[in-house]
Amino acid sequence: MFSKKLSTLFLLSALTVGTITGCSSSTTSSSSEGKTVIKIATQSPLSGGSATQGEAIKLGAQLALEDKKAEFKKLGFDLQLVPYDDQADPKKGVANAQLIAADKGILAIVGHMNSGVAIPSSEIYEKYSIPMVSPANTATAVTDRGLKVTNRVVARDDFQGPAGAQFAVNTLKAKKIFIIQDKTAYGTGLADAFKKAAEDLGAKIDGYEGITVGEKDFNGVLNQVADKKPDMIYFGGLYAEGGLIVKQAHDKGIDIPFMGGDGLDSSSFVEIAGVAVKNAYLTSIAGDVTKSAEGKKFSEEYKTQFNKNIEGYSAYAYDSAGVILQAIENAINKNDGKLPTRAQVRDAIRAISDYQGIGTKVGFDDKGDNQYAKIYIYKFNEAKYPATVVGEISK
């Protein structure tokens, strides 16, 4: 009796493990319709302080796959999205990357949101020839390392930072600027690029201070701002901390313009900052897609599908997935209709030169940067998202 129960327990355990890991170990898998499954992963924060933007990346990619499902079924393939929550944590991103590498059905990744997560995770992707197309990463190191797998559809910090500085100094006439950054790869890189450009334009940097992601009380750094009396605060970081800094500055009577980068491009930034947001500007790698007929249609389809309004990265995740799917289709056709390898998809993505997306046109250079990327300047005239576009800068 004991031995039979033990054997049964071992069998159940084996079946359970097989159910959990079986998808990861297979080279290919079939859908219920008998078609070969092609999986596209997303890596973005789906929990924590950056979940609003992270979910927008997942949903944008999901909508792109749903729009292409019928087309791929005609080719004999079934598309599936596999979302991973990287929690905006480099260690979690790397752990997820290992899981992605083990699942042979995954041919590419849409992500990441955070450059600090993308950089170490992409080292794993490079090892296993899994291409990524980012709708959000702006740190120069993402593509400057010369990896074959890293691509992005948006602009770099060495374009975004100077664009913000140009607007701050030339348009807003800021002569004394206090810089705060969140000590991440994204926040520091953006702040440094802004700082250099602002100084080159003749502005004085009155302070350069770092805060920690997750902090809630910014009285210390804001007291320094109050003492220096600058014309503007510039912030390199994300909306959770940025919104609190704007609100707490307003509560302390610091009534000067506040500017940051695309990390503030979220409805949650407005929710956190409240009425204080009316004195805030941001540079974004994402334009207002609702200004075009196709973008408006996308926005309506997104709202119908998910019962949510689009966020800054929604359309760019849609475009990132669209680029991946176009490359996979090209690779399938080049491979006589057969399932391509990850390396073939990797090379087909880098070869994309003239893809017209909802948010941007895409054409990659030899590093994986998009030669058509733009920077948009937004101003909050009221406590409402999205803000109003007040400028657009091309390379």
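Pro386 is located in the loop between β13 and β14, where helices (H or I, at least four residues) and strands (E, at least two) are DSSP runs, numbered from the N terminus. The peptide bond that joins Tyr385 and Pro386 is cis, with omega at about 0°. The model is predicted, so that local features need pLDDT of at least 70 and side-chain atom pairs count only at pLDDT 80 or more, whereas totals for chains, interfaces and linings use all residues. Residues are numbered from 1 along each chain as its sequence is written, and side-chain values use heavy atoms, with hydrogens and water left out. Another cis peptide bond joins Gly111 and His112, with omega at about 5°, and His112 has its place in the loop between β3 (106–111) and α4.

Strand β13 (residues 374–379) is mostly covered, 5 of its 6 residues being buried, a term that stands for under 20% relative accessible area, with exposed meaning over 50% and partly exposed in between (1.4 Å probe, protein chains only). Two strands are taken to pair if DSSP finds at least two bridges between them. Strand β10 (residues 280–284) is joined to β13 by 4 bridges in an antiparallel arrangement, in which Tyr281 has Lys379 of β13 as its bridge partner. Strand β14 (residues 388–394) also runs antiparallel to β13, over 6 bridges, and here Tyr376 stands opposite Glu392 of β14.

Rings of Phe, Tyr and Trp (its six-membered ring) pair if their centres lie within 6.5 Å, and planes under 30 degrees apart count as stacked, over 60 as edge-to-face and the rest as tilted. The pair of Phe269 and Phe380 is tilted, at 5.7 Å centre to centre and with 55° between the planes, and both residues are buried. The structure holds 7 aromatic pairs, and ring pairs also link Phe298, Tyr302, Phe306 and Tyr318 into a cluster.

Strand β8 (residues 232–236) is largely enclosed by the rest of the structure, because 5 of its 5 residues are buried. Met232, Tyr234 and Gly236 point one way from β8, while Ile233 and Phe235 point the other way, and all are buried. Strand β6 (residues 176–181) runs parallel to β8 and is joined to it by 5 bridges, with Ile177 having Met232 of β8 as its bridge partner. Strand β9 (residues 258–260) pairs with β8 in the parallel sense as well, over 3 bridges, and Phe235 has Gly260 of β9 as its bridge partner.

Asn151, in strand β5 (residues 150–152), is buried, with a relative accessible area of 0%. Polar contacts are pairs of N or O atoms within 3.5 Å; within protein, one must be able to donate a hydrogen and the other to accept it, and residues adjacent in sequence count only if both atoms are side-chain atoms. The side chain of Asn151 makes such a contact with the side chain of Arg350 at 2.8 Å, and also reaches the backbone oxygen of Met132 at 3.1 Å.

Positive phi values occur at Gln87, about 60°, and at Asn307, about 55°, although neither residue is a glycine. Gln87 is found in the loop between β2 (77–85) and α3 (90–102) and counts as partly exposed, at 41% relative accessibility. Asn307 lies in the loop between α11 (293–306) and α12 (314–334) and counts as exposed, at 63% relative accessibility.
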